[in-house]
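Good morning, and thank you for coming.

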Amino acid sequence: MKPCTIGRMTVERHREIVTRFAPSPTGHLHVGGARTALFNWAFARKRGGTFVLRIEDTDVARSSVQSTLGILEDMRWLGLDWDEGPSLPSARDADESLFDPETQKGEHGPYFQSERGHLYREALDRLLESGRAYKCFKTAEELDALRKKARAEGKAYQYDPTDALSMSRQEVARREAAGEPFVIRFRMPDRDIVVDDLILGQVRIKRNELEDFVIVKSSRAGGGPTFHFANVVDDAAMGITHVLRAQEHLMNTPKHVALFEALDIAPPRYAHMPLIFNSDGSKMSKRDKAKAARAAARQAGLKEVPGIDQPLFDEFMAKKNDDLLVAAAIAAKLELTLPEIDVFDFRRSGYLPWTLLNYLSLLGWSPGNDIERFGLDFLVEHFDLSRVGKANARFDRAKLLAFNTDAIAELDAATFQRMLSEHLRAFHPEYDQLRGEVERFALFAESYRPRSRTLEEPAINGRFFVIEDSALVYDAKAVRKVLLKYDGRGLALLGPLHDALAAHEPWEADSLEKAIADFAADRGVNLGDVAQPLRVAVSGGTVSPPINHTLVILGKGSTLARIKLAMDRAPAMGE
RNA sequence: GACCCCUUCGUCUAGCCUGGUCCAGGACAUCAGGUUUUCAUCCUGAAAACACGGGUUCGAAUCCCGUAGGGGUCGCCA
């Protein structure tokens with residue numbers, strides 16, 4: 001690859017592989033983006049190359065620092081480290097105030113496009129000088145009308161450069177001086193363009209399918225470089241050798257290749273990956289969350305939701321907007337989990353980062369044998385573009401969950417406890433106190449470890465452990481089935497059980513198990529006939545860790561208090 | 001609509017390049033049993049696919065052509 005000179009920068013990275021992940025900071029990191037990042041990362045790591053992270057914030061209106069931070073944090077959580085790019089604050093918690101865009105690693109920065117204007121300007125000058133770029137005064141409205149007209153006539157629309165190209169220098173200068181807005185377009189070469197894709201093979205795009213596209217927006221739209229232009233200039237300036245991106249970019253590639261050639265720089269190799277869809281074949285988008293929330297709200301007959309202005313809510317329900325804040329508020333109110341779309345969603349739902357990555361790697365890639373469960377080290381060792389498929393894939397949450405179940409089963413006690421604690425700290429402040437009680441929390445974690453498929457499940461299922469005794473809510477169905485059925489056989493056991501337990505010491509798992517078993521044996525009933533009523537009495541429902549562990553985590557005081565509470569409330573809960 | 005990409009069990013895929021060992025293998029899901037004091041696990045088994053049509057060949061999931069279906073793109077968004 002010959003050296004590239006843009007600005008004062010000369011990039012010469014001999015035979016080294018350089019890949020990049022270049023998200024635009026307009027929201028959270030999407031799983032599709034995560035897979036793109038993963039493949040670029042794995043490809044670079046496998047070949048001993050460099051992985052660059054570049055923030056494409058050319059769309060000033062939609063980009064934000066919070067999004068940038070969120071994406072960096074998601075990348076960090078996933079364990080995808082980059083060799084060059086912005087630095088993440090070292091704090092465990094991403095704190096916006098600690099984030100300094102000036103801090104970065106690598107020598108090809110800045111890694112924010114918003115700070116690379118001089119490079120685009122210089123490249124533009126070169127194109128303007130060589131006649132490969134020209135000014136066009138057609139407004140967006142005019143072009144829109146032309147597109148509509150072509151469509152109405154059933155014809156394919158394509159930009160016609162005749163007017164702009166035939167305009168005299170004087171005329172251009174006059175209109176420019178008069179302050180008329182214009183865009184700058186790239187003059188496509190007069191020939192077909194062949195993209196030699198590492199996954200798809202050769203793809204030929206005919207000259208008449210290609211049009212002179214905009215590389216610099218008009219002053220009305222901020223006057224900055226378009227994605228195509230900034231992307232190419234940066235890939236050149238950063239010495240990117242391989243561009244791995246989603247197939248939706250395939251039709252952009254001829255433009256990019258032509259741009260590289262016009263700048264007299266060898267283009268990188270391209271590899272277009274298949275897309276990821278929902279299990280029903282629809283596009284995985286933020287709208288899914290809005291859709292799910294709307295459906296749930298409708299079913300629950302929700303007419304308003306705390307924290308959201310009524311007009312906004314009404315519009316949301318009328319499908320006038322897909323505001324995620326409204327969706328989140330509905331989800332919180334109805335206690336439902338919205339479909340996970342972003343990396344952060346999966347994190348909040350309690351998936352392990354390497355499990356998500358493992359699953360994601362299988363969407364479009366396969367190691368070629370029957371091995372499916374593996375970690376990043378395996379991926380780095382075996383990843384290869386030749387084994388990336390061409391067909392789109394559907395995201396199957398059930399399979400991800402199965403992977404996560406196994407991954408959690410493989411964690412040792414200490415690791416699970418640490419990860420659970422971290423998860424609860426981030427998403428469930430109601431567990432703060434329990435987390436602080438070392439021994440009790442260790443037992444809590446150890447009780448849930450073998451029965452959790454995600455880090456979120458202990459938080460949901462164990463909630464009865466962290467509420468006031470008096471706040472315990474009894475599930476009517478459970479009370480009827482376990483305590484009241486058969487003439488209150490279960491309920492009748494609670495009194496003597498209370499007394500037996502009140503007299504029991506010490507309050508620890510083994511002796512409690514024995515005590516409960518003895519209690520059952522004395523009455524000639526099965527262990528389950530005692531355990532279930534006791535479980536309902538102390539937890540409010542039929543599901544909890546083994547009963548002896550449940551009692552130890554709860555403590556003697558709460559156990560006895562709750563048994564009394566059950567004896568008190570259950571009789572009134574019949575039909 | 002035009003251009004481009006794709007097509008193996010419900011889903012993700014192995015096999016395809018280098019035709020026979022494939023009446024197609026694995027995983028998840030499903031169904032049926034079993035273990036377990038609840039739950040979550042776990043164990044055993046079953047059902048389940050080469051989109052269709054033509055061609056090449058002794059022989060095609062594998063090569064070629066066509067058809068159908070799916071997807072992507074067609075922005076001063078990235």
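Predicted model: local features only at pLDDT ≥ 70, side-chain atom pairs only at ≥ 80, totals over all residues.

Phe 137 and Phe 182 are both buried, where buried means under 20% relative accessible area, exposed over 50% and partly exposed in between, with a 1.4 Å probe and protein chains only. Their ring centres are 5.4 Å apart and the planes stand at 50°, so the pair is tilted. In the convention used here, rings of Phe, Tyr and Trp (its six-membered ring) pair if their centres lie within 6.5 Å, and planes under 30 degrees apart count as stacked, over 60 as edge-to-face and the rest as tilted. The two residues are 45 apart and link distant parts of the chain: Phe 137 is in the loop between strand 7 (133-136) and helix 4 (140-152), and Phe 182 in the loop between helix 6 (169-177) and strand 8 (183-186). Helices (H or I, at least four residues) and strands (E, at least two) are DSSP runs, numbered from the N terminus.

Residues are numbered from 1 along each chain as its sequence is written, chains are lettered from A and ligands numbered from 1 in the order in which they are written, and side-chain values use heavy atoms, with hydrogens and water left out.

To return to the rings, the structure holds 17 aromatic pairs. One of them joins Trp 365 and Phe 374, edge-to-face, with 5.9 Å between centres and 90° between planes; both of these residues are buried. Ring pairs also link Tyr 431, Phe 441, Phe 444, Tyr 448, Phe 464 and Phe 465 into a cluster.

Which residue lies over the face of Tyr 159? That residue is Arg 185, at 3.6 Å from the ring centre. The charged end of Arg 373 likewise sits over the ring of Phe 403, 4.0 Å from its centre. The criterion is NZ of Lys or CZ of Arg within 6 Å of the ring centre and within 35 degrees of the ring normal.

Next, a loop. Trp 507 lies between helix 20 (476-502) and helix 21 (509-522), and is buried, with a relative accessible area of 14%. Beyond its neighbours within four places in sequence, its contacts (heavy atoms within 4.5 Å) include Leu 551, Val 552, Gly 555 and Thr 559. Gly 555 is 48 residues away along the chain, yet its C-alpha atom and that of Trp 507 are separated by 7.6 Å. Pro 506 is placed in this loop between helix 20 and helix 21, and a cis peptide bond joins Glu 505 to Pro 506, with omega about -5°.

Most residues other than glycine have a negative phi, and most peptide bonds are trans. Asp 264 has a positive phi, near 60°; its loop runs between helix 8 (253-262) and strand 13 (269-273). Is Asp 264 buried or exposed? Asp 264 is exposed, at 52% relative accessible area. Lys 319 also has phi near 60°, in the loop between helix 10 (310-317) and helix 11 (324-334), and counts as exposed at 60% relative accessibility.

Thank you; I welcome your questions.
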